Amino acid sequence: MSEGALLALPYLFEFWALPHQLPPEGDWRTWVIMGGRGAGKTRAGAEWVRAEVEGARPLDVGRSRRVALVGETIEQVREVMVFGESGILACSPPDRRPKWEATRKRLVWPNGAVAQLFSAHEPESLRGPQFDAAWADELAKWKRADEAWDMLQFGLRLGPMPRQCVTTTPRNVPVLKAILNTPSTVMTQAPTEANRAHLAASFLEEVRARYAGTRLGRQELDGALLEDAEGALWSLTGLEAARLDAAPEFDRVVVAVDPPVSGKASSDACGIVVVGAVTQGPVQDWRAVVLEDASVAAASPMAWAEAAIAAMERHGAERLVAEVNQGGELVESVIRQIDPLVPVKAVRAAKGKIARAEPVAALYEQGRVRHLRGLGALEDQMCRMTAQGYQGRGSPDRVDALVWALHELMIEPAARWRRPRVRGL
């Protein structure tokens, strides 16, 4: 390679970029880069702005000439998007580096392109200016996101096809969900681990140890958008507050099973949940811990029965609680084919799913149920259970199993304990 090519190589982002950092092909209006902390979102946004404004040579005009840089505050736009280690100035080669005009809060490139800084805290500041490109950073944490986003859209009116890039760690906020559901939006996504070559090993070790297997970890590290349905019986915040790193000694442990109607590939999963309880002292002092979600997808009756019994053996459970509304005596018969001596309690649902789930949700509100790590799929279903019904796809099989387990350990014994005794005459 020539000396010039070697000097240019560090600034050829297409050569170094990870797949999620490159804009998708096609006629899109909004590109959302959704990733975990440290996944390289800021660098991708800065490089996209460079690609928009730069031409083939330093003084050549690029695709865009008027750019809006929008962050939560002006300080964050300046310190992260402009002057940050992965910001625009750090990414720009010397002959194309824009000039910072502090008094006017803007960047000016050698070819005349201009990027203006805006705070999402002041949506009205976006009223009036017009752009042909925009970069919005960490949109999901903007306090006035809806207003700022709307004002930005009205300003994107220059050029034949104005476009915008959104870089954000996902959060369950309406504005982000609305953007993702817009037909002209495309998305790339990556976890923190994707950019591990540029992150401190100690950072990765620490966050893995602290947040792996939690819903917060899935959001902040995996870059997954975790939605709480409106009016849900459980929330992400509440479940994170119920997190427990180690289980205590239990008085009772049960495995609850919500069998699917059939074992076909298209059928629902078989919900299998393990819960332990400490039932010493008064009823109000009883506590439970969800230990494992051992559910299996589209399994045959023999397969889910084997999985349930294996879960019992792993945790030393005293009883297998199985709903028999769908399979009747067949459910218990299948279980006993695997182990004739396993203690099985058959339960039938006399109430609807929501009516059964509401007293269990009340136990969580009282702080009497905790979760170990690794229950992400179960927790996703929980956050889609509302008073109007389940808002997810398929059946809430994992939640059904959880509800049966907690009814067996906490609710039914408490009801018997409180029931007044009638003295004989």
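Predicted model: local features only at pLDDT ≥ 70, side-chain atom pairs only at ≥ 80, totals over all residues.
M151 is buried, with a relative accessible area of 13%; here buried means under 20% relative accessible area, exposed over 50%, and partly exposed in between, computed with a 1.4 Å probe on protein chains only. Residues are numbered from 1 along each chain as its sequence is written, and side-chain values rest on heavy atoms, with hydrogens and water left out.

M151 belongs to helix α6, where helices (H or I, at least four residues) and strands (E, at least two) are DSSP runs numbered from the N terminus. Not counting residues up to four places away in sequence, M151 touches P123, L126 and R127, a contact being heavy atoms within 4.5 Å. R171 lies 20 residues from M151 in sequence, and the two C-alpha atoms are 21 Å apart. The buried residues of α6 are A145, A148, W149, M151, L152 and G155. Viewed down the axis of α6, these buried residues fall within an arc of 165°, so they line one face of the helix; the arc is that of the directions from the helix axis to the C-beta atoms. The cover over the buried residues of α6 includes β1 (30-35), β2, β6, β7 (163-168) and α7 (174-180).

In α4, I74, V77, M81 and V82 are buried. Down the axis of α4, the buried residues span directions within an arc of 75°, so they line one face of the helix. An α-helix has 3.6 residues a turn, so residues three or four places apart point the same way. The partners against which the buried residues of α4 pack are β2 (66-71), α5, β3 (99-101), β4 (106-108), β5 (114-119) and β6 (133-137).

Pockets were located on a 1 Å grid over the protein atoms alone: a pocket is an open set of points with protein on both sides within 12 Å along at least five of seven lines, unlike a cavity, where a 1.4 Å probe fits but cannot get out, and lining residues have an atom within 4 Å of a point. Grid points are joined across faces, edges and corners, and a volume is the space filled by probe spheres set on the points. The largest pocket has a volume of about 880 Å³. Its lining comprises 37 residues, among which G38, G40, K41, T42 and S86 lie nearest the centre of the pocket. Two or more lining residues come from each of α2 (13-16), α3 (41-53), α4 (74-82), α5 (88-91) and α9 (215-220). Helix α3 gives the most to this lining, with four residues. By class, the lining of the largest pocket has 13 nonpolar, twelve polar and twelve charged residues, with Ala, Val, Leu, Ile, Met, Phe, Trp, Tyr, Cys and Pro counted as nonpolar, Asp, Glu, Lys and Arg as charged, and the others, Gly among them, as polar.

The second largest pocket has a volume of about 480 Å³. Of the 22 residues that line the second largest pocket, Y11, F13, E14, R50 and E54 are the closest to its centre. The elements giving two or more residues to this lining are α1 (3-8), α2 and α3, and the largest share, five residues, comes from α3. The lining of the second largest pocket divides into twelve nonpolar, two polar and eight charged residues.

The structure holds zero disulfides, a disulfide being a pair of cysteine sulfur atoms within 2.5 Å. For C165, the nearest cysteine sulfur is that of C91, 12 Å away. C165 is buried, with a relative accessible area of 0%, and C270 is likewise buried at 0%.

Positive phi values occur at two residues other than glycine, K105 and E138. K105, with phi near 55°, sits in the loop between β3 and β4 and is partly exposed, with a relative accessible area of 40%. E138, with phi of about 50°, is found in the loop between β6 and α6 (145-155).

R319 lies in strand β12 (residues 319-323) and, at 28% relative accessibility, counts as partly exposed. Neighbours within four places in sequence aside, R319 is in contact with R252, V253, V254, V255, M312, P343, K345 and E408. The C-alpha atoms of R319 and R416, 97 residues apart along the chain, are separated by 19 Å.
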